[in-house]
Amino acid sequence: MTKCSDIKHGDVLVCADCGLELKVTKECQGCSCESQGLMCCGNPLIKKAKSY
Ligand SMILES: [Zn+2]
């Protein structure tokens with residue numbers, strides 16, 4: 001799962017189903033959420049690569 005606390009500035013998250021890509025422009029400042037991960041199309045988004 002891709003929790004917001006694992007995502008850093010510049011990371012790109014992709015949806016394997018529809019091809020959606022999200023780029024992080026500001027990272028989590030430290031939360032304690034129990035998120036199931038960021039979802040799209042019923043599946044968790046996958047961290048693709050760093051792209052500064
Ligand atoms: Zn999708």
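Colleague: On what basis are residues numbered, and what pLDDT do local features need?
Modeller: Residues are numbered from 1 along each chain as its sequence is written. As this is a predicted model, side-chain atom pairs count only at pLDDT 80 or more, totals for chains, interfaces and linings use all residues, and local features need pLDDT of at least 70.

Colleague: Which element of the protein chain has the highest mean pLDDT?
Modeller: The pLDDT is the predictor's confidence in each residue, from 0 to 100. The protein chain averages 85, and 87% of the residues score at least 70. Among the elements, strand E5 (residues 46-50) has the lowest mean, 78, whereas the highest, 93, belongs to E2.

Colleague: What pattern does the protein chain follow along the sequence?
Modeller: Helices (H or I, at least four residues) and strands (E, at least two) are DSSP runs, numbered from the N terminus. The protein chain has zero helices and five strands. Read along the sequence, the pattern is β-β-β-β-β.

Colleague: How do strands E1 and E2 run, parallel or antiparallel?
Modeller: Two strands pair if DSSP finds at least two bridges between them. Strand E1 (residues 11-14) is joined to E2 by three bridges. The two form a hairpin with six residues between them, and glycine 19 in the turn has a positive phi of about 90°.

Colleague: Which residue is the bridge partner of leucine 13 in E2?
Modeller: Leucine 13 lies in strand E1. Its contacts (C-beta atoms, placed from the backbone, within 7 Å), leaving aside neighbours within four places in sequence, include Leu38, Leu45 and Ile46. In E2, the bridge partner is leucine 22.

Colleague: Why does leucine 13 count as partly exposed?
Modeller: A residue is buried if 20 or more other C-beta atoms lie within 10 Å of its own, exposed if 12 or fewer, and partly exposed in between; C-beta atoms are placed from the backbone. Leucine 13 counts as partly exposed because its C-beta neighbours inside 10 Å number 19.

Colleague: How far apart in space are valine 14 and lysine 48, C-alpha to C-alpha?
Modeller: Valine 14 lies in strand E1 and is partly exposed, with 16 other C-beta atoms within 10 Å. Not counting residues up to four places away in sequence, valine 14 touches Leu20, Glu21, Leu45, Ile46 and Lys48. Valine 14 and lysine 48 are 34 residues apart in sequence, yet their C-alpha separation is 6.2 Å.

Colleague: Is threonine 25 buried or exposed?
Modeller: Threonine 25 is found in the loop between strand E2 (21-23) and strand E3 (39-40). From glycine 10, threonine 25 is 15 residues away in sequence and 6.2 Å away in space, C-alpha to C-alpha. Because threonine 25 has 7 C-beta neighbours inside 10 Å, it counts as exposed.

Colleague: What is the phi of cysteine 41?
Modeller: Cysteine 41 is found in the loop between E3 and strand E4 (43-44). With 12 C-beta neighbours inside 10 Å, cysteine 41 counts as exposed. Although cysteine 41 is not a glycine, its phi is positive, at about 55°.

Colleague: What percentage of the residues in the protein chain is buried?
Modeller: Of the contacts in the protein chain with a separation of 6 or more, 62% are accounted for by residues 24 or more positions apart. Among the 52 residues in the protein chain, the buried share is 2%.

Notes
Contact = placed C-beta atoms within 7 Å.
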